[in-house]
Amino acid sequence: MEAAMVEDADGLEMVDAAGVAHRLRRWVPLGGRLAQSWSEAGRIVGRREGQRMLYPLCQFDTEGLPLPQMHGVIVALRPWLSETEIVAWLGTPCPDLSGSRPAECLSTLPDAVLHAARRAADPARVVTAAE
């Protein structure tokens, strides 16, 4: 399976399952299933496009492993958002991050992204025009 990388409508760089395995830069048994396994474990999120799943590159470190902070972000958002909606949230400017997208801040401001995810998922939060 050949790896594919695309940019989605939110400007997120996305990679398919083969691309996830390829980024590890070493042979991985059942590499194509690795991304699905990580997704099922709540370590990464993806979005279905036709017959394949695509995964935002922002949730992986330079070695190709899931960023540890993604699990907390997913746990905070999953009760309220689907996996596809979480991917969209990663690519949407966030007031809690001074207008930056969570995808841009995951590796540099992990606590701020987690805080933003918790605020986004708070059903009691009232969003006003000032926010």
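Which residues in α3 meet which residues in α6? In this predicted model, Q69, G72, V73, A76 and L77 in α3 meet P110, V113, L114, A117, R118, A120 and A121 in α6. Contact here means heavy atoms within 4.5 Å. By class, nine residues of the contact of α3 with α6 are nonpolar, two are polar and one is charged. Ala, Val, Leu, Ile, Met, Phe, Trp, Tyr, Cys and Pro count as nonpolar, Asp, Glu, Lys and Arg as charged, and the others, Gly among them, as polar.

The model is predicted, with local features requiring pLDDT of at least 70 and side-chain atom pairs pLDDT 80 or more, while totals for chains, interfaces and linings use all residues. Residues are numbered from 1 along each chain as its sequence is written, and side-chain values use heavy atoms, with hydrogens and water left out.

The protein has six helices and four strands. Their order along the sequence is β-β-α-α-β-β-α-α-α-α. Helices (H or I, at least four residues) and strands (E, at least two) are DSSP runs, numbered from the N terminus. Of the 131 residues, 41% count as buried. Buried means under 20% relative accessible area, exposed over 50%, and partly exposed in between (1.4 Å probe, protein chains only). Among contacts with a separation of 6 or more, 54% join residues 24 or more positions apart.

Helix α6 spans residues 110-121. The α3 and α6 axes lie 8 Å apart, at an angle of about 10°. The two helices are therefore roughly parallel to each other. Axes are lines fitted to C-alpha atoms, for helices over the stretch in contact, and angles run from 0 to 180 degrees between N-to-C directions. Angles under 35 degrees count as roughly parallel, over 145 as roughly antiparallel, 65 to 115 as roughly perpendicular and the rest as oblique.

Helix α3 (residues 69-77) also packs with helix α4 (residues 83-90). Here the angle is about 120° and the axes are 11 Å apart. That makes α3 oblique to α4. M70, V73, I74 and L77 of α3 make the contact with I86, W89 and L90 of α4. Seven of these residues are nonpolar, with no polar and no charged ones.

One aromatic pair is counted. Rings of Phe, Tyr and Trp (its six-membered ring) pair if their centres lie within 6.5 Å; planes under 30 degrees apart count as stacked, over 60 as edge-to-face and the rest as tilted. W38 and F60 form a tilted pair, 6.2 Å centre to centre with 40° between the planes. W38 lies in helix α2 and F60 in the loop between β4 and α3, so the pair ties together parts 22 residues apart in sequence. Both W38 and F60 are buried.
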